[in-house]
Amino acid sequence: MLIIVTLTLLTVGLIMVYSASAIWANFKFDDSFFFAKRQLLFAGVGVIAMFFIMNVDYWTWRSWAKVILIGCFLLLVLVLIPGIGMERNGSRSWIGVGAFSIQPSEFIKLAMIAFLAKFLSEQQKYITTIKKGLLPSLSLVFLAFGMIMLQPDLGTGTVMLGTCIVMIFIAGARIFHFVILGLIGVGGFVALILSAPYRMARITSFLDPWQDPQGTGFQIIQSLFAIGPGGLFGQGLGESRQKFFYLPEPQTDFIFAILSEELGFIGGTFVLLLFSLLLWRGIRIALGAPDLYGSFLAVGIISMVAIQVMINIGVVTGLMPVTGITLPFLSYGGSSLTLMLMAIGVLLNISRYARL
């Protein structure tokens, strides 16, 4: 079931990336398949990686978790160095050459999940204490979050942070400690928002996008203008109007808006049901894993996917402020797609040993 759901989402994503990007790609690159070809390439690499990792015992990641995490931290440092890191839309988040690049902040999400699963499985008896359990785990998480914010990339950092907090909560941390951390976290997020005018503008535009319809509220308004006319059955595949230079780069963060416009409420619900099946299967695997490491690893992977889906859909439908988060398996983006397929490969391997 997990393989079928994943490949179905991937197929829908490939179709929608072409449909959403064809007009923009033809205008900018004189090739309507520009984004679709690259997405297909990364999908191929990701699927190969998924089936390869599916056959690697998940205990292997326990042995290499520290090395992989250190490597990802080094990449986060390199991406901040001018001349090495590539800057796009105000964020220095990529390393690579030309159109082919990787986003280290995407890969540290999986590296952090693997390492935290190892730490929590070995130190679970201390998780109710601050000194030996909570503080060591959160210190590393906040270090990674801080480095991601230097790029800056609040969306990816939020997904990683949220995923790790879910893992620590599942491990048995005290509710009281989470209340204290929650209050500190709210204060920290307020500080992050106030420290950057564009983030504050996103908050105000989220509350009332029509205050600045040509500026900060533009993306939300255009997204809603795509979803609304979709109705029950949609305008038809390929018949979106908002992709004609209204919704900026519709093949990335706002691809669900184009999907809803073309395939309607039925199409959008179908995609959400697929994600729900993925979540349900991931929970079953986590509950049936033969050891604590497998359980925590599965919880981390499925939490990462679920949090990313909720944030993306929330942004697209105007329920959350705009932040740069891709929709797993559907949005255009090589690093995100490859990372997600690799993560599913790990989950598939755990399911081989799980009592389902």
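Contact here means heavy atoms within 4.5 Å. In that sense, and not counting residues up to four places away in sequence, Ala-171 touches Leu-120, Gln-124, Ile-127 and Phe-296. This is a predicted model, in which local features need pLDDT of at least 70 and side-chain atom pairs count only at pLDDT 80 or more, while totals for chains, interfaces and linings use all residues. Residues are numbered from 1 along each chain as its sequence is written, and side-chain values use heavy atoms, with hydrogens and water left out.

**Terms for position and burial**

- Helices (H or I, at least four residues) and strands (E, at least two) are DSSP runs, numbered from the N terminus.
- A residue is buried under 20% relative accessible area, exposed over 50% and partly exposed in between, using a 1.4 Å probe and protein chains only.

**Ala-171**

- Ala-171 sits in the loop between helix H6 (154–170) and helix H7 (175–195).
- Ala-171 counts as buried because its relative accessibility is 4%.
- Between Ala-171 and Leu-120 there are 6.7 Å in space, C-alpha to C-alpha, although the two are 51 residues apart in sequence.

- The expected span of a helix is 1.5 Å times one less than its number of residues.
- H3 has 20 residues and reaches 29 Å from its first C-alpha to its last, close to the expected 28 Å.
- At Ala-65, H3 bends by about 55 degrees, the bend being the angle between axes fitted to the seven residues ending there and the seven starting there.
- Ala-65 is also one of the buried residues of H3, along with Leu-69, Cys-72, Phe-73 and Leu-76.
- An α-helix has 3.6 residues a turn, so residues three or four places apart point the same way.
- Helix H4 (104–123) and H5 are included in what covers the buried residues of H3.
- H5 (residues 130–149) also has 20 residues, but its end C-alpha atoms are only 25 Å apart, short of the 28 Å that a straight helix would reach.
- Buried residues of H5 include Gly-133, Leu-134, Ser-137, Leu-138 and Val-141.
- Further along H5, Ala-144, Phe-145, Met-147, Ile-148 and Met-149 are buried.

**Aromatic rings**

- Rings of Phe, Tyr and Trp (its six-membered ring) pair if their centres lie within 6.5 Å; planes under 30 degrees apart count as stacked, over 60 as edge-to-face and the rest as tilted.
- By this rule there are 12 aromatic pairs.
- One of the pairs, Phe-29 with Phe-34, is stacked, at 3.7 Å centre to centre and 10 degrees between the planes.
- Phe-29 is partly exposed at a relative accessible area of 33%, whereas Phe-34 is buried at 13%.
- Tyr-58 and Tyr-293 are stacked because their planes lie at 15 degrees, with ring centres 6.1 Å apart.
- Tyr-58 lies in the loop between helix H2 (34–54) and helix H3 (59–78) and Tyr-293 in helix H11 (residues 292–316), so this pair ties together parts 235 residues apart in sequence.
- Phe-29, Phe-34, Phe-35 and Tyr-332 form one aromatic cluster.
- Arg-38 lies over the face of Phe-34, 3.7 Å from the ring centre; the rule asks for NZ of Lys or CZ of Arg within 6 Å of that centre and within 35 degrees of the ring normal.

**Nonpolar core**

- A nonpolar core is a set of buried Ala, Val, Leu, Ile, Met, Phe, Trp, Tyr and Cys residues joined through side-chain atoms within 4.5 Å.
- The largest such core has 100 residues, and those with the most contacts inside it are Leu-297, Phe-329 and Leu-330.
- H11 gives the largest share of this core, 15 residues.
- Leaving aside neighbours within four places in sequence, the contacts of Phe-329 include Thr-6, Leu-9, Phe-275 and Ile-344.

**Other single residues**

- Ser-303 lies in helix H11 and is buried at 9% relative accessibility.
- Beyond four places in sequence, Ser-303 is in contact with Thr-163 and Val-166.
- Gly-333, in the loop between H11 and helix H12 (334–353), is buried at 15% relative accessibility.
- Ile-220 lies in helix H9 (residues 218–230) and is buried at 2% relative accessibility.
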